[in-house]
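Here's a quick tour for anyone meeting this structure for the first time. Have a look at the picture, then walk through the points below.

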Amino acid sequence: MKIKVFSYSSLDTLIHKMSGLSKLICFLLLTTAIMATYDIRIIIGIMIFSYAMMKISQIRFSQIKMMLIYVGIFLVFNFILTFLFAPKFGVEIYGTEHVLVNGLGNYDITVEQLFYQITKTAKYLSVIPLGIIFILTTNPSEFASSLNKIGVSYKICTSLSLTLRYFPDVASDYNTISLAQQARGLDMSKKAKTSERIKNVAAILVPLIMTTMDRIDIISNAMDLRGFGKHKKRTWYAAKPLRKVDYIGILICLLIFLLTLWVRFFINKSIYYNPFI
Amino acid sequence: MKNNFSTKTIVATGLGAALFLVLFMFVKVPSPVPETNLQIAYGVSSFFAALFGPVAGLLVAFVGHALSDFIQYGSPWWSWVVASGVSGFISGFAAKKVSSAVEEGRFGKTEIIFFTVWVVIANAIAWILVAPVLDIVLYSEPANKVFIQGATAFVVDAIVSVIVGIILLKAYSATKTKKGSLAKED
């Protein structure tokens, strides 16, 4: 088990220079825009934009290979499921029916259904790079500080940065305990039965919870001793002031967001873009 | 507020979310239904919810699930992430009775029933109501697909949360000193 997530590396690119706060705002604006539309023209536009941003932030293919495989499996599965459960959903939405291939019973393949499902797949594909960029180019502590800036209580931000800080530690604890139990003869492989495997997971989980509870005591005592939580506000070492590039980035994303809303409410007058009428 | 959200709760929330994330990503026990996994992680979120209350439960499940989606898929599937959070939040109402009892080393029949009832209610609301409705509103997924997915998720997750949660709470309460375990010698 390799733990190579959150492999934040500090490179000198435009995206890395932006503060976590503005990247968070841009991420939320663009993902909301994608969520609010089923117009493939806009989706493709945002997709091109976000893949270009990924290029600029110098993310290598090897860094995201696993992610792409997972997403691929998910998308194929979702595509098939949608067709199985709602083969006429596209017809319902667009109001016309052009049958391509006659299928069994209800399962005709229609242009509308294909269009709907392709749009949906494009929707998912276009937001993936945004999340990747955000995770790989933002310093975790800076991310916590930027959440604090948009009004989230600093106690919650601290708990979030503790999560990011201790994730590798807990993962390595899990690994150690799992290896120790396997050395005692626990079968964790696919050969064991499901019920057997649940029991074996419990044998790892109980020691893992105990070490975690111990660790919680140690950390919270240390924080109490340093007077954590005494005041209503806190300052952050990792906070970056906003610069020109941040304002430009936010402005671009805001424009894309507004354009999406404008097209949705004034051009298409619905969430779907209908080329069939 | 200060007592409700003490330093210990904050730290427990943070580490609980890390633990949830680790289990969510690495421990997947395949269930009999294809393409669905028994997520042991929901046992952890119900454990932390029962000990530290609704807000901690909410954050453990929400942050853990959102981060795991970020790492594995690039972008979170918000409707299910929110539903995870809701299940953690409502499970947290069990803390009223369970938390203090466990700290005193008691986790008997009353606590088990109380815990089970809240966890089942929480999962029902999260997976049968919140997740499918958000799927339809946010992602315009076909209704019958999401309700069947939601119902499956409810059955699987409720069973896992209850069983794993009880095992963990039992084990943890055994490490605590029982109230009145010392008697004064004459």
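**A helix to start with**

Let's begin with helix 3 of chain B, residues 54–73: at 1.5 Å a residue, its 20 residues should span 28 Å, and the end C-alpha atoms are 27 Å apart, which agrees. Keep in mind that what you see is a predicted model. It scores ipTM 0.86 and pTM 0.83.

**More on helix 3 of chain B**

- Helix 3 of chain B is mostly covered, with 17 of its 20 residues buried.
- Is A61(B) buried or exposed? A61(B) has 34 other C-beta atoms within 10 Å, and 20 or more is the cut-off, so A61(B) counts as buried.
- Leaving out residues up to four places away in sequence, A61(B) touches F20(B), S45(B), S84(B), G85(B), S87(B) and G88(B).
- A61(B) and V44(B) sit 17 residues apart in sequence, and their C-alpha atoms are 8.8 Å apart in space.

**Elsewhere in chain B**

- F26(B) belongs to helix 1 of chain B, which runs over residues 7–26.
- F26(B) has 16 other C-beta atoms within 10 Å, so F26(B) is partly exposed.
- F26(B) and A174(B) are 148 residues apart along the chain, and 27 Å separates their C-alpha atoms.
- An unreviewed UniProt entry lists "transmembrane region" for residues 6–27, 39–65, 77–95, 115–134 and 146–169 of chain B.
- Take residues 77–95 of chain B: this span is 79% helix and 0% strand, with its end C-alpha atoms 28 Å apart.
- Residues 115–134 of chain B are 100% helix and 0% strand, and the end C-alpha atoms there lie 27 Å apart.

**Chain A: the overall layout**

- Chain A is split into domain 1 (14–138 + 242–267) and domain 2 (147–225).
- How far apart do the C-alpha centres of domain 1 and domain 2 of chain A lie? The answer is 33 Å.
- For chain A, UniProt (unreviewed entry) gives "transmembrane region" at residues 21–54, 66–86 and 247–267.
- Residues 21–54 of chain A are 88% helix and 0% strand, with the end C-alpha atoms 18 Å apart.
- Residues 247–267 of chain A are 100% helix and 0% strand, and their end C-alpha atoms are 29 Å apart.

- Helix 2 of chain A has 16 residues, which should span 22 Å at 1.5 Å a residue; the end C-alpha atoms are 22 Å apart, which agrees.
- The buried residues of helix 2 of chain A include L21(A), K23(A), F27(A), L30(A) and I34(A).
- Among the elements covering the buried residues of helix 2 of chain A are helix 3 (40–56), helix 6, helix 7 (140–149) and helix 10 (244–267) of chain A.
- Q58(A) is found in the loop between helix 3 and helix 4 of chain A.
- Phi of Q58(A) is positive, near 55°, in a residue other than glycine.
- Q58(A) has 15 C-beta neighbours inside 10 Å, so Q58(A) counts as partly exposed.

**Where the two chains meet**

- The contact involves 54 residues from chain A and 38 residues from chain B.
- On the chain A side, helix 2 (20–35), helix 4 (61–85), helix 6 (111–137), helix 8 (154–183) and helix 9 (194–225) each supply at least two residues.
- Which helix of chain A gives the largest share of the side that touches chain B? That's helix 9 of chain A, with 17 residues.
- Sorted by class, the side of chain A that touches chain B has 40 nonpolar, 10 polar and 4 charged residues.

**How confident is the prediction?**

- Chain A has a mean pLDDT of 84, and 97% of its residues reach 70 or more.
- Within chain A, confidence is lowest in strand 1 (residues 99–101), at a mean of 81, and highest in helix 10, at 91.
- Chain B has a mean pLDDT of 86, and 94% of its residues reach 70 or more.
- Among the elements of chain B, strand 1 (residues 28–30) has the lowest mean pLDDT, 70, and helix 2 (residues 41–52) the highest, 93.

Terms used:
Residues are numbered from 1 along each chain as its sequence is written. Chains are lettered from A and ligands numbered from 1 in the order in which they are written. This is a predicted model: local features need pLDDT of at least 70, side-chain atom pairs count only at pLDDT 80 or more; totals for chains, interfaces and linings use all residues. UniProt positions are given in the numbering used here, feature names are shortened, and annotations may be inferred rather than shown by experiment. Helices (H or I, at least four residues) and strands (E, at least two) are DSSP runs, numbered from the N terminus. Domain bounds come from an automatic or database domain assignment. Two residues are in contact if their C-beta atoms, placed from the backbone, lie within 7 Å. Ala, Val, Leu, Ile, Met, Phe, Trp, Tyr, Cys and Pro count as nonpolar, Asp, Glu, Lys and Arg as charged, and the others, Gly among them, as polar. The expected span of a helix is 1.5 Å times one less than its number of residues. A residue is buried if 20 or more other C-beta atoms lie within 10 Å of its own, exposed if 12 or fewer, and partly exposed in between; C-beta atoms are placed from the backbone. pLDDT is the predictor's confidence in each residue, from 0 to 100.
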